[in-house]
Every structure is written in C-alpha cells, then in structure tokens.
Amino acid sequence: QPGRDTRVIYVLDGQAQFATVIKALTELGHAQHLVVGIGNIWLRDRDYTPTKVTPSSLVDERAAASSGGGKAFLRHLEEELFPLIETRYGPVGDRIIVGHSLGGLLAADALISRPGLFKGYVLVDPSLWWDDARLLGIAQERLKSS
C-alpha cells in the first residue's frame with residue numbers, strides 16, 4: 001500500500017515509456033514507487049508543447065495547428081490526475097515526471113514555469129529546439145535572476 005514515503009512517477013507517453021521506466025527502477029532496486037503511465041498518441045503536439053508555433057521545416061502544418069496546449073495539460077495533471085491518485089491511494093510522497101522528446105519539453109517547461117509541481121524531473125532527449133529554442137532563453141533569463 002503506497003504512503004507518504006512512496007514517490008509517484010508520472011511517465012509521459014506511457015504507452016511507449018512505461019516498461020522502460022519499470023525496468024530501470026527494478027534494475028536499480030527501487031521498489032517503493034507508484035508509477036503512473038500517461039498514454040498520449042494523437043495529441044502529443046497539443047498537450048506537450050508550451051507554445052503555439054507556425055509551420056516550419058521542423059514542424060508540419062498539422063502539428064503547428066494543434067500546438068500550444070502544454071500549460072493546460074499541466075493544469076489537468078495538477079487539478080484532475082494528482083487528486084485522483086491521492087483519492088485512490090491516499091497521501092503519497094514526492095512527484096517525479098519523466099518525459100521523452102516532446103514529453104521532455106513539457107517536463108522542462110514544468111521545471112521552469114512551475115518548479116514546485118514536481119520534486120524530480122527526468123528529461124530524456126527533450127525537444128528543446130521547439131519554438132526556436134524559446135524555452136532555453138527563458139531558462140537562461142530565470143537563472144540570471146535567481
């Protein structure tokens with residue numbers, strides 16, 4: 001039974017990354033984690049991107065048209081998914097997010113714009129090139145001022 005000492009690991013693109021995270025935790029001997037896989041196949045361009053972009057050589061028209069829903073997706077996690085997990089499993093410990101590619105971009109945006117939302121961040125090959133690397137510029141400015 002999970003408890004306050006149990007970390008909750010939220011795995012973006014759970015349909016592809018869940019087994020890898022479980023294997024890594026098992027290999028490292030970390031059994032006291034609750035792992036929540038968040039599947040997302042069709043709406044990654046919307047849910048995992050913090051800004052709306054125009055089509056370019058890196059982003060096709062379809063992806064650009066749906067982009068920019070990352071902030072709303074983070075609110076969904078905070079306001080709906082986190083309470084659901086706590087209702088189902090009781091009070092749990094720290095939250096960790098794992099994101100790859102666009103999922104890593106979303107995790108990086110959460111780290112920069114909402115640093116208290118998660119205690120730990122695992123970014124695997126994050127798409128920091130998104131929106132002409134805008135997030136890197138924001139991070140640089142925040143680091144200068146803190």
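In which sense do strand β1 and strand β3 pair, and over how many bridges? Strand β1 (residues 7-12) and strand β3 (residues 95-100) pair in the parallel sense, over four bridges.

## Basis of the model

This is a predicted model, in which local features need pLDDT of at least 70 and side-chain atom pairs count only at pLDDT 80 or more, while totals for chains, interfaces and linings use all residues. Residues are numbered from 1 along each chain as its sequence is written, and side-chain values use heavy atoms, with hydrogens and water left out.

Four strands form an open sheet in the order β2-β1-β3-β4, with parallel pairing (strands pair if DSSP finds at least two bridges between them; strands, E, of at least two residues and helices, H or I, of at least four are DSSP runs, numbered from the N terminus). Because β2 (33-38) and β4 (120-124) each have a single partner strand, they stand at the edges, and one side of each is left without a neighbour in the sheet. On average, neighbouring strands of this sheet are turned by 15 degrees against each other, direction ignored (axes are lines fitted to C-alpha atoms, for helices over the stretch in contact, and angles run from 0 to 180 degrees between N-to-C directions).

Helix α1 (residues 14-28) packs on the sheet, where it touches β1, β2 and β3 (contact means heavy atoms within 4.5 Å), and its direction makes about 160 degrees with that of β2.

Threonine 6 lies in the segment before β1 and is buried, with a relative accessible area of 9% (buried means under 20%, exposed over 50% and partly exposed in between, with a 1.4 Å probe and protein chains only). Not counting residues up to four places away in sequence, threonine 6 touches Gln32, His33, Leu34, Val92, Gly93 and Asp94.

Histidine 33 is found in strand β2 and, with the same exclusion of residues up to four places away in sequence, touches Thr6, Arg7, Ile9 and Leu25. Histidine 33 and glycine 93 are 60 residues apart in sequence and 9.3 Å apart in space, C-alpha to C-alpha.
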